[in-house]
Amino acid sequence: MSNEHAKILWADDEIDLLKPHIIFLENKGYRVTAVSSGLEAIDEISASDFDAVFLDENMPGISGLEVLSRIKAIKPATPVIMITKSEEETIMEDAIGSKISDYLIKPVNPHQILLSLKKNLDSKRLVSEKTTSGYQQEFRQIGMRLNDQLDWEEWSELYKQIVYWDLELEQSGDPSMREILSMQKDEANNQFCRFFEENYIDWLSGREASKPEMSHTIFKNWVLPEIKDDKPLFLVVIDNLRYDQWRVIQHALTDDFRVDDERTYFSILPTATQYARNALFAGLLPGEIEKRFPQYWKGEEEDGSKNQFENELLTEQIKRLGRNFDHSYAKITNLNFGKKVAESIHSLSKNSLNVIVYNFVDMLSHARTEMEVIRELADDESAYRSLTLSWFEHSPLRDMMKSIADMGAKMIITTDHGTMHVKHPIKVVGDRNTNTNLRYKIGRNLNYKEKEVFEVLKPEDAFLPRANVSSRYIFAQGNDFFAYPNNYNHYVKYYRDTFQHGGVSLEEVIIPFAICSPK
C-alpha cells in the first residue's frame with residue numbers, strides 16, 4: 001500500500017496538541033481524519049473505511065478499551081494502534097488481548113508514529129519487496145550453478161534452494177517473479193534429468209563411489225542407527241510426499257517436535273509406490289525382491305495390491321541385518337482405521353520400532369485427477385501444498401504425532417517418492433499389455449522417440465523385474481507425461497495439469513527424511 005492511499009483515523013481528547021504530528025504524516029502522504037472522542041471515532045469507523053486507527057487509551061466518556069472493542073466489532077481487520085500515558089501492565093494485557101496491532105507510550109514523537117504505520121501498513125509490501133529482491137539476487141547465482149557439473153549433493157542443495165524461493169515468493173504475491181522461478185525450475189529439471197540419466201545405473205551397480213542414499217539403503221543406514229532398546233522409534237512414511245509439502249507440514253509440528261536432522265534421499269525408479277516403497281522396506285531393489293522373495297512380489301500384469309507384503313519384507317530385512325527387536329506395522333488407507341490407530345497408539349510404546357504408512361497424499365493426487373472439485377481446490381502447486389497442510393492439521397496422523405510426542409518418543413518422517421505437476425504430452429504406442437502409468441511404461445513393443453525419454457533397454461541394469469525377454473522400461477522426464485495417439489486430444493486435456501509419479505524429476509526423486517524429537 002502506498003502512503004498516498006492510506007487513510008488514518010486519530011482519536012485523542014488532546015487532538016489539537018497533536019497538530020504537528022498530523023501535519024508530519026500528511027507531508028508523508030497519509031490522509032488523516034482527527035477526532036477528539038471515542039464516540040466520534042466509532043461514528044467515523046462506521047461511516048468510512050480506514051487503513052489504521054490511532055486510539056488514545058484514556059479519553060473522557062467511554063474508555064479507549066471500550067472504543068477498541070466496538071471498532072473491532074465493526075471493522076475487525078482494521079489495525080488499531082493504542083496510545084497511552086500509562087505503562088500499567090493490566091491495561092496493556094487488556095489491549096493486547098483485544099487484538100491491538102501496536103501500542104505507544106506518551107509522549108510520542110512523529111518518527112515513532114511513522115514507524116508504527118510502516119510496520120502495520122507496509123510490512124507486507126516491504127516483505128514482498130525484500131523477498132523479490134532476494135530472489136532476483138539469487139536468480140543469477142542459481143542460473144550459473146545450473147551450468148556447472150553438479151554432483152548429487154549439490155543437486156539436493158540446489159533443489160532445496162528452489163523450494164525455499166518457491167515458498168517465499170508464494171507469500172510475496174508477486175506473480176511475475178513466480179513465473180520466472182517456474183521457468184528456472186523447468187530448466188533445473190532439464191539439467192537434472194540429464195545428470196540422473198548419466199549416473200543412475202552406475203549408482204545402483206556400485207561403479208560410482210560417491211552416490212546418494214536411495215530407497216533400498218535408507219533403512220539400514222539411516223533408520224536402524226536411531227532404533228534404541230529403551231525408547232520406541234516411530235517411522236512415519238507418508239506416501240507421495242514432496243519436499244515442498246514436507247516443508248509446509250513441518251511448521252505444523254513445531255509445538256510438539258523439534259527437527260534434529262533434515263536430509264533428502266533419492267527415490268529409485270520407477271518413482272512409484274510398488275517399486276520405491278517395497279524397496280524401502282525390503283532393503284533390496286525390485287529385481288532382487290522378485291528373485292529372493294517371489295511370494296512377496298506382484299508384477300505389473302498381476303491383479304491386486306502390489307504393496308501388501310511390506311511388513312513381511314521389513315521383517316526379512318531386520319533379520320538379514322542381524323537385529324532382533326519387537327516392531328509393529330500399520331498401513332492407513334481410510335479415516336476410520338486412522339482414528340483407531342490414533343486411539344491405540346500408546347499401546348505401541350513397548351516396541352522398539354513402530355512403522356506407520358499413511359496413504360492420504362497419494363490418494364489426494366489420484367482424487368485430484370479424477371474429481372473435478374479437487375482439481376479446482378488444488379489447481380496449482382501452491383494450492384496442492386495448502387490442501388495437503390489442511391488435511392494434515394485435521395487428520396488422525398496429526399493426533400498420532402501428538403501422542404508420540406506425549407510418550408517422549410523419537411519420530412522419523414519420510415516418504416517413498418514425490419510427484420510431478422505434468423504439462424507436456426509425449427506420444428507413446430504400446431500393445432494391450434503395456435501398463436497404464438503416465439510417467440513410466442513397461443512393454444515389449446513400445447514405440448517412442450528415444451530423445452524424449454529415459455530408456456532402460458535391459459531391466460536388469462536398473463535391477464528391475466523383466467516380464468519377458470524383450471521387455472524394456474521408459475521414463476518420462478521433467479513435466480512430460482505419456483499419451484496414446486488414439487483419442488489423443490481428449491486424453492491430453494484430461495491429464496494435463498494433474499500430479500503424477502513414476503518418472504524422473506527433482507520433485508519425484510529428491511525426497512525428505514526428517515528425524516524429530518519431542519519438545
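1. The largest cavity in this predicted model holds about 50 Å³ of space. A search of the whole structure turns up 1 cavity of 30 Å³ or more. If you want to find the spot on screen, go to Tyr 159, Ile 162, Val 163, Asp 166, Lys 185, Arg 242, Asp 244, Arg 385 and Glu 507, which line the largest cavity.

2. What is that lining made of, by class? For the largest cavity the tally is 6 charged residues, 3 nonpolar and no polar. Helix H6, covering residues 152-172, supplies the largest share of this lining, with 4 residues.

3. Next, the second largest pocket, where about 380 Å³ of space lies. It has 16 lining residues, and Arg 178, Ser 182, Lys 185, Glu 381 and Lys 423 are the closest to its centre. Which of the elements gives the most? That is H7, with 6 residues.

4. On residue classes, the lining of the second largest pocket has 10 charged, 4 polar and 2 nonpolar residues.

5. Now for a helix pair. How do helix H10 (residues 273-282) and helix H12 (residues 310-320) sit relative to one another? Their axes come within 7 Å and cross at roughly 35°. On the H10 side, the residues involved are Arg 277, Asn 278, Leu 280, Phe 281 and Ala 282. They meet Glu 310, Leu 313, Leu 314, Gln 317 and Arg 320 in H12. By class, that contact has 5 nonpolar, 3 charged and 2 polar residues.

6. Last, the cysteines. How many disulfides does a search of the whole structure find? The count is 0. As for where two of the cysteines sit, are Cys 193 and Cys 516 buried or exposed? Cys 193 has a relative accessible area of 4%, so it counts as buried, the cut-off being under 20%. Cys 516 is buried too, because its relative accessibility is 0%.

Methods
Residues numbered from 1 in each chain as written. Predicted model: local features only at pLDDT ≥ 70, side-chain atom pairs only at ≥ 80, totals over all residues. Heavy atoms only, no water. 1 Å grid on protein atoms, 1.4 Å probe; cavity = no way out; pocket = protein on both sides within 12 Å on 5 of 7 lines; lining within 4 Å. Points joined across faces, edges and corners; volume = space filled by probe spheres on them. Helix = DSSP H or I, 4+ residues; strand = E, 2+ residues; numbered from the N terminus. Nonpolar A, V, L, I, M, F, W, Y, C, P; charged D, E, K, R; others polar. Axes fitted to C-alpha atoms, helices over the stretch in contact; angles between N-to-C directions. Contact = heavy atoms within 4.5 Å. Disulfide = S-S within 2.5 Å. Buried < 20%, exposed > 50% of the residue type's maximum accessible area, 1.4 Å probe, protein only.
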